Amino acid sequence: MTPIVLLTRLLVGAYPQWIGSAPSDKQRIYFANHTSHLDTIVLWSSLPKEIRSHTRPVAAKDYWVKGAIRRRIAIEELNVVLVDRRRTEHSDPLEPLRECLREGSSMIIFPEGTRRPQAIPSEFKSGIWRLAREFPNVELIPVYIENLYRAMPKGVLIPVPTVCSVRFGAPLPFTPEDPKEEFLTRAREAVIKLSEA
């Protein structure tokens, strides 16, 4: 167990519960609610070691490259896919994610796009739908991270020890023909359903 996984387990538990799916080497997109800067580390740490080695979290470049400690965690420990949130005329924020999937890695994303200090996820942005259409053979696994917004709410620098669970749901059915809004609603509802499990 790496130091970052051990520390995460000591602070917040990060206990995985597999409901309708099981750990697998299949290429997957794990998509979850987003309430804390710890979400990325907690979800990644809750995966078995052999799956963590080829699963890359997606994270905001402007946050994770600030300071030596964050940068080291992001690049050396988590091997994150860094996304530049500053929009320019010719930039495509999904391109680093496509590259990650093309290389065969699994991925962790937060479709809300930004943290929300609430138990139920907000509306999902369309990125996950676009990726699912372009990579239809990648399994979509909903994930609900419980209680983490209490461990490290916005503005807090040091996590408050608490018990957090990470629930992995059944693969989300999908075809490239699924309308965007219908798919995004189903994906969000799959995460909300796990909050009630």
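Helices (H or I, at least four residues) and strands (E, at least two) are DSSP runs here, numbered from the N terminus. Ser 165, for instance, lies in strand 7.

Before going further, a word on ground rules. This is a predicted model, with residues numbered from 1 along each chain as its sequence is written; local features need pLDDT of at least 70, side-chain atom pairs count only at pLDDT 80 or more, and totals for chains, interfaces and linings use all residues. Side-chain values use heavy atoms, with hydrogens and water left out.

Seven strands make up an open sheet, running in the order 1-7-6-2-5-3-4 with mixed pairing; two strands count as paired if DSSP finds at least two bridges between them. At the edges sit strand 1 (15-18) and strand 4 (81-83), each of which pairs on one side only. From one strand to the next, the twist averages 25 degrees.

Look at strand 6 (residues 139-146) and strand 7 (residues 165-168): they pair in the antiparallel sense over four bridges. Tyr 144 has Arg 167 in strand 7 as its bridge partner. Helix 9 (residues 180-195) packs on the sheet and touches strand 2 (28-32), strand 6 and strand 7, with its direction at about 45 degrees to that of strand 6. For that angle, axes are lines fitted to C-alpha atoms, for helices over the stretch in contact, and angles run from 0 to 180 degrees between N-to-C directions. Contact means heavy atoms within 4.5 Å.

Back to Ser 165: this residue is buried, with a relative accessible area of 7% (buried is under 20% relative accessible area, exposed is over 50%, and partly exposed is in between, using a 1.4 Å probe and protein chains only). Leaving aside neighbours within four places in sequence, Ser 165 is in contact with Tyr 15, Gln 17, Tyr 144, Ile 145 and Glu 146.

**What's packed inside**

The largest nonpolar core has 28 residues, and those with the most contacts inside it include Ile 29, Phe 31, Leu 140 and Phe 183. A core here is a set of buried Ala, Val, Leu, Ile, Met, Phe, Trp, Tyr and Cys residues joined through side-chain atoms within 4.5 Å. Helix 9 gives the most to this core, with six residues. There is also a second, separate core of 24 residues, which includes Ile 4, Ala 59, Leu 78 and Val 166.

Helix 7 (residues 127-134) has Ile 128, Trp 129, Leu 131 and Ala 132 as its buried residues. Seen down the axis of helix 7, they fall within an arc of 165 degrees, so they line one face of the helix; the arc is that of the directions from the helix axis to the C-beta atoms.

**Charged pairs**

The structure holds 10 salt bridges, each a side-chain nitrogen of Lys or Arg within 4 Å of a carboxyl oxygen of Asp or Glu. Here are some of them:

| Pair | Closest N and O atoms |
|---|---|
| Glu 139 and Arg 28 | 2.7 Å |
| Arg 98 and Asp 92 | 2.7 Å |
| Arg 98 and Glu 95 | 3.2 Å |

Glu 139 lies in strand 6 and Arg 28 in strand 2, so the pair ties together parts that are 111 residues apart in sequence. Both Glu 139 and Arg 28 are buried.

Arg 98 is buried too, with a relative accessible area of 11%, whereas Asp 92 is partly exposed at 36% relative accessibility. Asp 92, Glu 95, Arg 98, Arg 102 and Glu 134 are linked in a network of salt bridges.
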